[in-house]
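Q: Could you take me through how to read the main features of a model like the one below?

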Amino acid sequence: MRRVVIQLAVLVASLLGCARSAPAGESRLVRVFDACTPMGTYMAVTVYAPDEPSGRQAIAAAFARVEEVEAATSHYRETSEISKLNRGAGGPALPVGPHVWAVLRRSAEVSAETDGAFDVTVGPLVALWKKTWKKGKAPADADLAAARALVDFRSVALTQEGRRVQLPKPGMQFDLGAIAKGYAVDQAVAALRERGIQAALVDAGGDMYAMGAPPERKGWFIGIRDPSQPDEKDRILSRALCIRDQAVATSGDYEQFGVIEGRRYSHILDPRTGRPVLGVASVTVVAPDATSADAYATAMSVLGPEASVAFAEKRPGIEVMAICERGGQFVATRSKGFERLEVTPTAGR
Ligand code: AMP
Ligand code: MG
């Protein structure tokens with residue numbers, strides 16, 4: 001069954017972008033907007049184009065590219081390459097197309113960098129927790145151990161020649177939910193660029209890319225949802241981000257979670273313990289591309305705030321803000337570069 005979670009984890013505080021004086025010529029561009037609901041989320045695209053029809057065509061091409069990505073990567077679609085790989089677990093390596101290949105290659109890198117905090121073979125654990133959440137219970141230890149034994153990114157064989165992929169053990173399952181939306185955003189951006197678009201904002205329910213800047217502006221304002229108010233979906237933090245040619249992604253436990261004995265458990269699991277992450281309300285990551293931002297936001301939810309800031313400080317272009325709940329208080333921990341991207345939007349700017 002397809003998951004339908006229409007959720008704006010990161011809201012666009014203002015589509016006007018951050019203030020700046022106008023370079024000549026740019027102001028003749030027209031703003032075109034459209035939205036659709038791929039990958040169980042809400043995808044909004046704003047472009048600045050020479051005219052309305054070319055803007056619409058560019059957005060249509062972006063949506064078509066996203067559909068292509070979903071058709072290949074979604075484990076909710078029986079005909080997808082990922083579903084075929086999952087059904088073939090324990091059997092021989094199978095050839096995959098360029099989208100699945102690119103996502104699995106990048107996933108392997110992020111898994112290695114984060115020492116397994118990020119692992120797209122987490123499928124059996126995700127399925128187990130989903131099943132027991134419905135009953136308001138944690139899984140039995142034996143079931144947890146059996147699912148954990150099937151989660152192991154190191155055992156996945158990726159063979160460049162013929163682009164072949166093998167899940168070695170029966171029962172292993174890919175779940176690209178932590179990275180495929182970000183990849184789809186990057187693909188949408190590539191489709192827009194191919195049609196000559198130079199300023200655009202692509203937002204797939206909290207995984208975003210800000211290309212260029214709106215006319216007369218320095219960048220795009222991105223509001224970050226306040227995770228301390230899970231029921232108020234429009235409540236954003238007072239400081240927004242101002243970014244251009246950068247991606248931002250937020251993972252949060254307010255978006256999808258399970259409840260066991262009154263306690264909220266994140267949909268993000270620590271593959272090393274097999275248990276859901278606790279106490280991390282949201283993690284927002286800025287990166288050069290949306291694939292990385294999406295994967296790192298999930299990985300850093302597992303790593304926790306201190307390790308995430310240390311991770312980001314070592315990598316140019318990667319910034320993070322983690323908001324954690326400690327004793328009923330929400331505490332934000334930021335990398336230095338994240339603070340530098342923050343602005344306080346002023347009305348009328
Ligand atoms: P995101 O919303 O991008 O943080 O992705 C969360 C989704 O990724 C979950 O709903 C699971 O399907 C999957 N997932 C959960 N934990 C992990 C993990 N540690 N590594 C990779 N994928 C995960
Ligand atoms: Mg993610």
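This is a predicted model: local features need pLDDT of at least 70, side-chain atom pairs count only at pLDDT 80 or more; totals for chains, interfaces and linings use all residues.

Q: Where in the chain do Arg 315 and Glu 113 lie?
A: Arg 315 is in the loop between α8 (305–313) and β17 (319–326), while Glu 113 belongs to helix α3 (residues 98–113). The two are 202 residues apart, and the pair links distant parts of the chain. Glu 113 has a relative accessible area of 31%, so it is partly exposed.

Q: How many salt bridges does the count come to?
A: The count comes to 14 salt bridges. One of them joins the side chains of Glu 194 and Arg 65 at 2.8 Å, N to O. That pair also links distant parts of the chain: Glu 194 sits in helix α6 (residues 180–194) and Arg 65 in helix α1 (residues 52–73), 129 residues apart.

Q: Are Glu 194 and Arg 65 buried or exposed?
A: The relative accessible area decides. Glu 194, at 52%, is exposed, whereas Arg 65, at 16%, is buried. Arg 65 and Glu 194 are also linked with Arg 195 in a network of salt bridges.

Q: What does Asp 115 form with Arg 154?
A: Asp 115 and Arg 154 form a salt bridge in which the closest N and O atoms are 3.6 Å apart. Asp 115 is in the loop between α3 and α4 (123–133) and Arg 154 in the loop between α5 (141–148) and β5 (157–159), so the bridge ties together parts 39 residues apart in sequence. Arg 154 is exposed, with a relative accessible area of 56%.

Q: How should I read a nonpolar core?
A: In soluble globular proteins, nonpolar side chains tend to be buried together. Here the largest nonpolar core has 71 residues, and those with the most contacts inside it are Met 43, Val 47, Phe 174 and Leu 192. Apart from it lies another core, of 16 residues, which includes Ala 210, Ile 222, Ile 224 and Met 321.

Q: Which residues does Phe 174 touch, not counting those up to four places away in sequence?
A: Among them are Ile 82, Leu 85, Leu 104, Val 120, Val 156, Val 165 and Leu 167. Phe 174 also touches His 75, Asn 86 and Thr 121.

Q: What about cysteines?
A: A disulfide is a covalent bond between the sulfur atoms of two cysteines. The structure holds zero disulfides. Cys 36 counts as partly exposed because its relative accessibility is 24%, and Cys 324, at 4%, counts as buried.

Q: Which atoms coordinate the magnesium ion (ligand 2)?
A: Read a metal site from its donor atoms. The magnesium ion (ligand 2) is coordinated by Ala 178 (O), Asp 294 (O), Asp 294 (OD) and Thr 298 (OG1), at 2.0 to 2.4 Å. Ala 178 lies in the loop between β6 (164–166) and α6, and Asp 294 in helix α7 (residues 290–303), 116 residues apart. Both Ala 178 and Asp 294 are buried. The sequence spacing of the donor residues is A-x115-D-x3-T.

Q: In which sense do β17 and strand β18 (residues 329–334) pair, and over how many bridges?
A: β17 and β18 pair in the antiparallel sense over six bridges. As an example, the bridge partner of Ala 322 is Thr 333 in β18. The hairpin of β17 and β18 has two residues between the strands, and Gly 327 takes a positive phi near 55° there.

Methods
Residues are numbered from 1 along each chain as its sequence is written. Chains are lettered from A and ligands numbered from 1 in the order in which they are written. Side-chain values use heavy atoms; hydrogens and water are left out. A disulfide is a pair of cysteine sulfur atoms within 2.5 Å. Buried means under 20% relative accessible area, exposed over 50%, partly exposed in between (1.4 Å probe, protein chains only). A nonpolar core is a set of buried Ala, Val, Leu, Ile, Met, Phe, Trp, Tyr and Cys residues joined through side-chain atoms within 4.5 Å. Contact means heavy atoms within 4.5 Å. A salt bridge is a side-chain nitrogen of Lys or Arg within 4 Å of a carboxyl oxygen of Asp or Glu. Helices (H or I, at least four residues) and strands (E, at least two) are DSSP runs, numbered from the N terminus. Donors are N, O and S atoms within 2.8 Å of the metal (3.2 Å for Na, K and Ca); water is not among the atoms, so sites may look incomplete. Two strands pair if DSSP finds at least two bridges between them.
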